[in-house]
Structure formats: C-alpha cells, structure tokens
Amino acid sequence: MWQQILPGLRIKIFMTILLGVIYPLAMTGISQVLFPHQANGSLITAGDKVIGSELIGQNFTKAEYFQPRPSAAGNDGYDAANSAASNYGPTNQKLIDRVKASIAKFRKENPDYTGPLPADLVTASASGLDPHISPDSVRAQAARVAKARGATLDQVNELIMQFTEAPDLGLLGDPRVNVLKVNLALDRQFPQK
C-alpha cells in the first residue's frame, strides 16, 4: 500500500513547494526588479504620505474636484476591501432610482452643463472602484471645477487634455482620464486659497 501512496505524496509535496513557494517568490522578485511601481500597488505619494493608488477609485465630493463614477463597493462606496457591483439589472427599480438621483444631483451641481450626460457619470463600474472616467465626463464637470478654482474654462480643458490617456497599445479600450491624477494636478496648478 505505501508503495502506491508514497509517490503521490512526494509529488504533492514537491508541487506544493514549487508552485506554492518557489514560483510566487520568483514572480514577486521579478516584478519588484522589472516593475517596482506596479508591483507595489501603483501608489501615488505626496512627500512621505501615500494619498492613493492609480488603480483604485476614490470619492471626491467638493466642487473644486472632478468627481468619479458612482461606486457600489461597500456600504458607502469606494471600499477596496469590498469591491463589487450592485448587480442590479436594467429593469430593477433600485437602479433606476439611483441613476435618476445621480442625474438630478449632477444637474444641480453643474448647472452650466446642458448636454447629454455620459453614462459613466451615473452608472457604477463592475468593480465599483474604477479610477478612470471618460474625457466627456470630465469635460461635463469642467465649468464647475473652473469656477470653484478661479481658473478659466480653457485652462481646465487644457489640463484635461494633458491627462487624457489614449487606449492601451493604441487600440485597446477607450480614451480615459484618471480622476486622482487630474485632481492632484488641479491642486498643483490652481491651489485653493
């Protein structure tokens, strides 16, 4: 009986050490050498203080900041430990009510914008933590941000153009703007008094 069990047991121990210890340590080491910024969470710092990650959305509510997509992650949204979508279907009344409330809130906070609202301003992403919004969504908020910052609309639009990222490899995805990065640029270029 042991002649049959021992080879399987040896293979199991060998594979556990190889795939459970050696491989993860090797990948971690290679990542730290080749891609240290990404391997450590793509963190953004100001001085010695970590203020966020390029990969995780944050909630900005003040008028002087661009606001991200709504989030269903966690009880109050933007909870990276509870990344999830609401899973409401398009006919679910809770989703319809939430989208209507988001539209009304946006129109109240951005009275200068009269065009159609980009969908990503009123709908959450699948993770609830998407750090990007479309350039149209940023431009829809530009007048409010410019007024709150004491900047001209042209200056804010120029900043939006600077922070608009092209599709990956020129064809994967859509153009997008990282909300945290553009808000940090606003703080540097047009600081609050």
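Reader: Before that, what ground rules apply?
Author: It's a predicted model, where local features need pLDDT of at least 70, side-chain atom pairs count only at pLDDT 80 or more, and totals for chains, interfaces and linings use all residues. Residues are numbered from 1 along each chain as its sequence is written, and side-chain values use heavy atoms, with hydrogens and water left out.

Reader: Ok, strands. In what order do the three strands of the open sheet come?
Author: The order is β3-β5-β4, with antiparallel pairing. Strands here are DSSP runs of E, at least two residues, and helices are runs of H or I, at least four residues, both numbered from the N terminus. Two strands pair if DSSP finds at least two bridges between them.

Reader: Which strands stand at the edges?
Author: β3 (132-133) and β4 (164-165) do; each has a single partner strand, so one side of each has no neighbour in the sheet.

Reader: How many bridges between β3 and β5?
Author: Two, in the antiparallel sense, with β5 covering residues 176-178. H132 sits opposite N178 in β5.

Reader: And which helix lies across β3, β4 and β5?
Author: That's α6, residues 179-189, running at about 60° to β5. For the angle, axes are lines fitted to C-alpha atoms, for helices over the stretch in contact (heavy atoms within 4.5 Å). Angles run from 0 to 180 degrees between N-to-C directions.

Reader: Switching over: how do β1 and β2 pair?
Author: Strand β1 (residues 43-46) and strand β2 (residues 49-53) are antiparallel, over four bridges. They form a hairpin with two residues between them, and G47 in the turn has a positive phi of about 70°.

Reader: Which residues face L43 and I44?
Author: L43 has S53 as its bridge partner in β2, while I44 stands opposite G52.

Reader: What about S42, buried or exposed?
Author: S42 is buried, at 4% relative accessible area. Buried means under 20% relative accessible area, exposed over 50%, and partly exposed in between, with a 1.4 Å probe and protein chains only. S42 is in the loop between α2 and β1, and has a positive phi of about 50° although it isn't a glycine.

Reader: Why flag the phi?
Author: Because most residues other than glycine have a negative phi. L169, in the loop between β4 and β5, is flagged too: its phi is positive, about 55°, and it is not a glycine. L169 counts as exposed, at 76% relative accessibility.

Reader: Where's G41, and what does it touch?
Author: G41 is in the loop between α2 (36-39) and β1. Leaving aside neighbours within four places in sequence, G41 is in contact with S53 and L55. G41 is partly exposed, at 25% relative accessible area.

Reader: On to the holes. What volume does the largest pocket have?
Author: About 420 Å³. On a 1 Å grid over the protein atoms alone, a pocket is an open set of points with protein on both sides within 12 Å along at least five of seven lines, whereas a cavity is a set where a 1.4 Å probe fits but cannot get out; lining residues have an atom within 4 Å of a point. Points are joined across faces, edges and corners, and a volume is the space filled by probe spheres set on them.

Reader: How many residues line the largest pocket?
Author: There are 20, of which R69, P70, Y78, S102 and K105 lie nearest its centre. Helix α3 (residues 93-109) gives the largest share of that lining, five residues.

Reader: And the cavity count?
Author: One cavity of 30 Å³ or more. The largest cavity has a volume of about 50 Å³, and its lining includes S53, I56, P131 and N178.
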